[in-house]
Amino acid sequence: MTKKQIWTWLLFLVWAVFVNACNVWIIRPLVADFALLGVVAIVALAILWIISVPAKYRRVWIGFTIFSLLVGDGLGEIATKPWLPKVALSLVTILGLTIIGWAFTRFKYRYFLGSALVLLILNWLLPLDEWAFLTHFQVAYRARLPMQNSDLTALPLQVIHTSHGTAVVTLENIQETDKQIQNDAQAAGDTPDSLENLLRNAQHRYAFVELVQSGGHFHLDSLPTDSLSAVDPMAFTASFFPFIRGYWMVDNGQVVQYMAPAQSPTVLVDLVHNSGYLPSLLTAVGESTERQETQDWQTLLTQLKVPASNDALHIEQGKLKGMYDGQPVSIPVHAYSVIATGSFTAPGAHEVLLQGVNDLEVVSLDTRRVVTDYHGDTLHPLPSDVVTGPIDNSGRDVIFVNSSPAIILQAEASGQWRQLYQATNDSLRFETSVRFAGDAVPEIITDDPSYIRNSPVRYLTSYTYRDGQLVRNWRVFRTNLVNVNAVQFAPGGSQYIVASNYGTGELFVLKRHRWPVVPAASVLLGITIIAGLWLRLRAGRRARHA
Amino acid sequence: MRKYSIAAAIWIAAAAFVLPGCSPAVQPQTNQPSDEKGVPVPASTWDTILASARLGSAAKTYMVKTTGTLIQGSLHSSYSVYGGVNPPDRANFGFVEGNDYTKFYQQGKAAYYYDNGRWKQTQALSDINPYASYAAIIEAAAKRGVKLVQLKQEYVNDEYCDVYRAILPGDIANVKPNWIPDAMEGTTGDIQYTFYVGQTDHYLRQVSTVSVGGLPHVGSMEADVDTVFFDMNQPVAEVTLPKDLVQQLENAGN
C-alpha cells in the first residue's frame with residue numbers, strides 16, 4: 001500500500017465514524033431540543049457542508065457520507081435483536097447499502113465495505129444509540145438481561161448494603177428448555193398447587209441477580225441467599241402491584257420470582273358491584289396483596305434460614321421502629337413508609353422522612369419525635385414518587401416530589417415548609433441528586449423534556465439549583481431511562497449512575513467524565529466545513545487567474 | 001443557472017417546513033387532574049346527582065366501563081373492567097389486570113368465571129347493580145352536606161354532562177370489604193369525586209375519582225379511576241350467554 005492509499009483509507013474510515021458521532025451528538029440533539037428550529041439549523045448546516053465539498057468530489061463524498069449514516073443508523077437499529085436476525089440483517093444492510101452506494105457514486109466499493117465493517121465493530125462494542133451517553137459518561141458496564149415485557153416493564157433495581165458491600169439487585173428471566181421444565185415438573189409436588197404454578201409460569205420465572213463491582217470491574221452474580229434479608233420484596237413487585245402479585249420459591253438453591261393474579265374473581269366482581277366505593281376498595285386490594293406477599297417472603301426467608309433483621313428503620317403498627325446508634329427506636333408516627341434518612345430541617349441533623357396518606361413527616365432520631373409534617377392538596381395528592389438529596393453545600397437535604405408538576409420542598413422545623421421550586425412543565429421528573437468527583441455543588445439528575453417543545457419525551461439531564469431556578473449543566477440525549485440510582489459501590493469511590501431501560505431488559509452503569517466531547521466534535525465539523533470552503537475559494541481564484 | 005437556484009431555494013424551504021412533521025410532535029397530557037377552581041353550588045344540587053344515580057339503578061340494562069391507574073413509585077399499573085349489567089342478577093364483565101384477562105358471567109344464581117382458557121363455576125351475587133353503590137355514597141355525602149362545586153360541562157360518550165366535584169371525607173367513602181378477614185391497617189384519605197350528569201337524559205354518566213391510600217410496608221398508592229355508564233335501557237346492553245361457555249358445557253355433557 002502506498003502512503004497515499006493509507007491516507008485515503010484513513011480519511012474514509014475516520015469520516016465514516018465521525019459523521020455518525022456528529023449524528024448522535026449534534027444532529028439528533030438539535031431536533032430533540034429545539035424541534036423546528038433544530039431542523040432549520042440542520043438544513044442550514046447540511047447546505048453549508050454540501051457547498052464546502054469541492055465539486056469534483058461531491059458525488060463520491062456526499063454519497064459516502066449518506067452511506068455511512070445509513071449503515072450506522074441501520075446497525076444501531078439491529079443491535080437490539082437476537083443474534084441470528086442480527087447477523088442476517090447486518091449482512092443485508094451492509095451488502096445492500098454498499099451496492100447502492102457503489103451504484104450512485106461509481107467509486108471503489110472496498111472503501112464502502114471497509115467503513116461498514118469498522119462501524120459494525122464499533123457498534124458491537126457499544127451500539128450506536130448508546131453513543132449518546134458518551135458526551136458526558138463512560139459506559140462502565142451494560143447488560144441486556146432476559147426479560148419479558150408482559151411480566152415487567154423495566155428491570156427493577158434496588159441498591160442494597162450488606163456485609164459483602166454495596167450491590168444493585170435486579171431480576172433475570174430464567175431461560176428454561178422444555179427438558180428442564182419436564183425435570184422440574186417431576187419434582188414439583190410439595191403443595192397441591194405446586195405443579196400447576198410451575199407449569200403456568202414456565203418461561204416467566206425470574207432469578208434474583210446482583211450487580212457488584214470487584215477489582216474495578218462490574219459483573220452480575222446470582223444473589224447470595226444471606227443478602228435476601230436486605231432485599232425489599234415490594235421493590236420487585238411495584239410495577240404490577242396490586243392486581244398482580246409476586247410469588248417466590250426456592251429452585252435448586254436459587255430464589256425464583258414469578259407473577260400471577262393476586263385476587264379471586266369474587267373480589268374483582270365486588271369491585272364492580274360496589275364501584276361507588278372503589279377508591280377505598282382499591283386500598284383494600286393493595287393491603288390484601290401486600291399481606292400475601294409479606295407473608296410469603298417471610299416464609300421464604302424462614303425456609304432458607306436467613307435471619308430476619310429488624311434493625312433497618314421501618315414502620316410497624318403506627319410506630320417507627322428499628323435500631324439507631326445502637327439503640328432501639330420506637331416513635332409514634334402517622335406514616336406508612338420510610339422514604340429516606342438525611343438532614344432535612346438543619347445541617348447535621350439525623351432525621352428520617354416518612355410518607356403517609358397524602359402526607360410527609362420528618363422524624364428526628366436525635367430527639368426521637370416528629371419534627372414537622374406536610375399535607376398535600378386533595379386535588380393534587382402527593383405521589384409516592386419522592387426522592388431526597390442535597391442541592392447545595394448547606395449540609396441540608398431537600399425533598400423532590402414528583403407530582404405533576406414536580407416540586408422541590410424544604411422542610412423547616414417551624415412547620416412552614418418552603419417550596420423551593422416548581423417545574424415549568426408537567427413532565428419533569430427528579431431522579432436523584434449526586435455529587436460527582438470535581439463538582440462544586442451537587443447535581444440534580446432529572447428526566448426532562450426539551451426546551452421549547454411540550455413533548456413528554458424525556459432525556460437524562462443534570463441541573464444545579466441557583467436562585468430559585470434550575471440551571472442546566474448537561475443533557476444526555478438518551479430517553480426511556482427509568483429506575484435511575486446514584487450508587488457508590490466502594491466507600492470513597494466514584495459515583496456511578498445505575499439505570500434500567502423502559503421496555504427492554506437493559507441495564508447501564510455510567511461513570512461521569514469531563515472531556516469536552518460535543519464542543520470538540522462541533523469544532524472539528526466546523527474546521528472541516530471551513531477548510532472545504534477555503535479549498536473551493538482558492539481553486540476558484542486559480543481558475544479565474546488562469 | 002438562475003432557474004436551478006430558484007428551484008433549489010424552493011426545495012430547501014419546502015424541506016424545512018415538511019421535515020418537522022417527521023419529528024416527534026406535541027402530545028396531549030393525559031390523566032391530569034383538573035385545575036379548575038369551580039363554581040360553588042347549593043347543597044340541593046346533591047339531590048340532582050342522587051336522582052341521576054337512582055335513575056341509573058332503576059335501568060333494566062346498562063353497560064359499565066372502569067379504567068384505573070394505580071401509581072406507586074415511578075411506574076404505574078392499571079386495571080380495567082368492561083361489561084353489561086341487567087339488574088338484579090344478570091351480568092357479564094371482562095377484567096384486564098396487568099397482562100392478565102378474566103371474565104365473569106352470572107344469570108340468576110348461576111355464576112361462572114373464565115380462567116386460563118376455561119369457565120369455572122363461582123359464587124353468584126344476590127343483586128348486581130353498580131349504580132346502587134353510587135346512589136348510597138351520594139346519599140351519605142348529601143346528608144353530611146359536603147361542599148360541591150360545578151366545573152365546566154363536558155362531553156361524555158354521546159351527550160353533554162353537567163360536571164360536579166366534591167371532596168368526600170374518608171369516613172363516608174371508606175368501607176371494609178368482607179374479603180379482608182380482619183381489621184385493616186391501611187386507610188384511604190379524603191377522596192376527590194367528580195360526577196358527570198347527562199344534560200338531556202339525566203343519567204349519572206361518569207364518575208372519576210382521585211385518591212391516595214396508605215398501605216403498610218408499601219407506603220402510599222395513588223389511584224385514578226374513571227367509571228363510565230352507557231347504553232342505558234338499550235338492547236345492546238342486554239347480557240347474553242357467552243358462546244364459549246355454551247360450547248364448553250355442551251362438550252362437558254358428552
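Predicted model: local features only at pLDDT ≥ 70, side-chain atom pairs only at ≥ 80, totals over all residues.
## Confidence of the model

The model as a whole scores ipTM 0.87 and pTM 0.88. In chain A the mean pLDDT is 90, and 99% of the residues reach 70 or more. Among the elements of this chain, the lowest mean pLDDT, 77, belongs to helix α6 (residues 194-200) of chain A, whereas the highest, 95, belongs to strand β16 (residues 397-401) of chain A.

Chain B has a mean pLDDT of 85, with 88% of its residues at 70 or more.

## Contact between the chains

Where chain B meets chain A, 76 residues of chain B are in contact with 64 residues of chain A. The chain B side of this contact consists of 40 nonpolar, 31 polar and five charged residues.

Two packed helices are described by the angle between their axes and the distance between the axes. Helix α2 (residues 58-78) of chain A packs against helix α4 (residues 109-125) of chain A at an angle of about 30°, the axes being 10 Å apart. Because of that angle, α2(A) counts as roughly parallel to α4(A). The crossing of α2(A) with α4(A) is right-handed. From α2(A) the contact draws on residues including A:Phe64, A:Phe67, A:Val71 and A:Leu75, and from α4(A) on residues including A:Phe112, A:Ala116, A:Leu119 and A:Leu120. The contact of α2(A) with α4(A) comprises eight nonpolar and five polar residues, with no charged residue.

Helix α3 (residues 83-105) of chain A also packs against α4(A), here at an angle of about 150° and with the axes 9 Å apart; α3(A) and α4(A) are therefore roughly antiparallel, and their crossing is right-handed. In this pairing A:Ser90, A:Ile94, A:Thr98, A:Gly101 and A:Trp102 of α3(A) meet A:Tyr109, A:Phe112, A:Leu113, A:Ala116 and A:Leu120 of α4(A). Seven residues of the contact of α3(A) with α4(A) are nonpolar, three are polar and none is charged.

The remaining pair to be described is α2(A) with α3(A), whose axes come within 10 Å and cross at roughly 170°, and these helices are therefore roughly antiparallel. The residues that meet include A:Arg59, A:Phe64, A:Phe67 and A:Ile78 in α2(A), together with A:Lys86, A:Ser90, A:Ile94 and A:Phe104 in α3(A). This contact of α2(A) with α3(A) divides into eleven nonpolar, six polar and two charged residues.

## Backbone geometry in the loops

Most residues other than glycine have a negative phi, and most peptide bonds are trans. Against that background, the peptide bond from A:Phe241 to A:Pro242 is cis, with omega near 0°, and A:Pro242 is found in the loop between β5 (217-222) and β6 (244-251) of chain A. In chain B, B:Pro87 and B:Pro88 are likewise joined by a cis peptide bond, with omega about 5°, and B:Pro88 belongs to the loop between β3 (75-86) and β4 (90-97) of chain B.

A further feature is A:Gln317, a residue other than glycine whose phi is positive, near 50°. A:Gln317 lies in the loop between β8 (314-316) and β9 (319-324) of chain A.

Terms used. Residues numbered from 1 in each chain as written. Chains lettered and ligands numbered in written order. Axes fitted to C-alpha atoms, helices over the stretch in contact; angles between N-to-C directions. Helix = DSSP H or I, 4+ residues; strand = E, 2+ residues; numbered from the N terminus. Parallel < 35°, antiparallel > 145°, perpendicular 65-115°, else oblique. Left-handed = near helix turned anticlockwise from the far one by under 90°. Contact = placed C-beta atoms within 7 Å. Nonpolar A, V, L, I, M, F, W, Y, C, P; charged D, E, K, R; others polar. pLDDT = per-residue confidence, 0-100.
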